[in-house]
Amino acid sequence: MSAELVTTFMATLAIIGVFGVLASFFVGDARAFVREHGMVLAAAVGVLATLSSLYLSEIADYDPCQYCWWQRIFMYPAGIMLLVAAVRRDWFIRPYVLMLAGIGAAVSLRHIWLQTFPDEGGMCGISGPCSAKLVEAYGFITIPQMTAACFVLIIVLVARCSPSSQETP
Amino acid sequence: MTEQSPHGHAAQAAKTNSWFTSPFVLLAGVILIAAIIAAVVVGGGSDESADDQTATDDTAAVASAADETDDEIAGDESAAVESSANEGEAIDAPETETSSDGISNRGRFGGPSIPETAPVTVDGGALPAFNPSDDPAVGVVAPVVTAMDLASGEPTSLEPGARRMIVFVAHWCPHCRDELPQLTSWLESGALPDDVEVVAVSTSVRAEAENYPPSDWFNAEAWPGEVIVDDDASTALLAYGFEGFPAFIALDENGEVLARTGGNVGVDGFNELASAFS
């Protein structure tokens, strides 16, 4: 299994996820489905993003840059919390996950900005600069773009999740 | 009679109207579809896959080529030094053939038997860490680095005896990719004294990163100087006191450091570096 296959797979998932969530705004069935199962879907996004990130660094030997580490800091706990919450059907974690995903999305956007407009006069470090595009799935989808998509998916799915079985605090 | 909440209605609607009944079915389907698409996309790009295979072969060939290079370096280091000294001429005319997309592997750098990275030996202590404000390396004798020439595949040694401008670049680094064309144009304008040898060091090579292999990059940019390749640990880069790139160092004929600089210095920076030779 090559890193290219995995990153293409991740990019494909991100594209499908983004279109799926967009559909939830316009298609009644999708809206109802997200409302009922949004937390499970968000948990799947968080866990897949976490596993993919670990694959890239631990198996494919990509060196995470500083911004990658910041995104990991917000993605990993969000993924774990969402998984536990989805299993326990505990909907009260939403504010915590939204906070983590919101900050993570902001970091991702900054990372995308750096890759698009590298700092003038800058140098790249041996360990991998934040401005380098180590992956370009489909020729244009980079790692922070995928991460941003994951954070946005988590935010939308969790924010729109309102299952019938949830208990009020 | 029980009242049903709006959420209850939503759930009911989801159960009755959706073609899927479980999020796990949806997830499994999406993952399966994504996996199939990814396999088709990655497998479908046969040309790219072939290129990747070549790249992988190049990388894999590093080990064997490295052993041979080690033997050559250890066995006859002086021969390597002579070879380097004979290669002498400051800036050779580019013999690059570029295709319509500007990328070609038929230029003078690289080739099927030439790996993109190879072992490096360093004779002498590493220079102090680069400090742009007050560089402690100025006046210090640089270590002698021996590395593989990306054009010939033979080891070459950066021994004292010629004034040199050494440039460290990485193929995936956006700053380096921005800097190399500017530097090439500047060199072709004749801004550097004729007796100054220009050597690029291809460092931090990563087969999985963009703009790989670096030999294609140097060919596409019609790099006019020599290119030597660093090893996986960036030994040459570290020996000259750098931890990043693009990085530049000017050495006099005794191997003493005249100046160092780093980053996207542009033409002004090149001129400043060239002034160190005067």
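## Chain B and a helix pair in chain A

The secondary structure of chain B comprises 8 helices and 9 strands, taken as DSSP runs (H or I of at least four residues for helices, E of at least two for strands) numbered from the N terminus. The model is predicted, so that local features need pLDDT of at least 70 and side-chain atom pairs pLDDT 80 or more, while totals for chains, interfaces and linings use all residues. Residues are numbered from 1 along each chain as its sequence is written, and chains are lettered from A in the order in which they are written.

| Chain B quantity | Value |
|---|---|
| Buried, of the 278 residues | 40% |
| Residues 24 or more positions apart, of contacts with a separation of 6 or more | 78% |

The largest nonpolar core has 115 residues, and A:Cys150 is among those with the most contacts inside it; such a core joins buried Ala, Val, Leu, Ile, Met, Phe, Trp, Tyr and Cys through C-beta atoms within 7 Å. Leaving out residues up to four places away in sequence, A:Cys150 touches A:Ala14, A:Val45, A:Ala49 and A:Met75.

In chain A, the axes (lines fitted to C-alpha atoms over the stretch in contact) of helix H3 (residues 66–88) and helix H5 (residues 143–160) come within 11 Å and cross at roughly 30°. H3(A) and H5(A) are therefore roughly parallel, the term for angles under 35 degrees.

Notes
Buried ≥ 20, exposed ≤ 12 C-beta atoms within 10 Å, placed from the backbone. Contact = placed C-beta atoms within 7 Å. Axes fitted to C-alpha atoms, helices over the stretch in contact; angles between N-to-C directions. Parallel < 35°, antiparallel > 145°, perpendicular 65-115°, else oblique.
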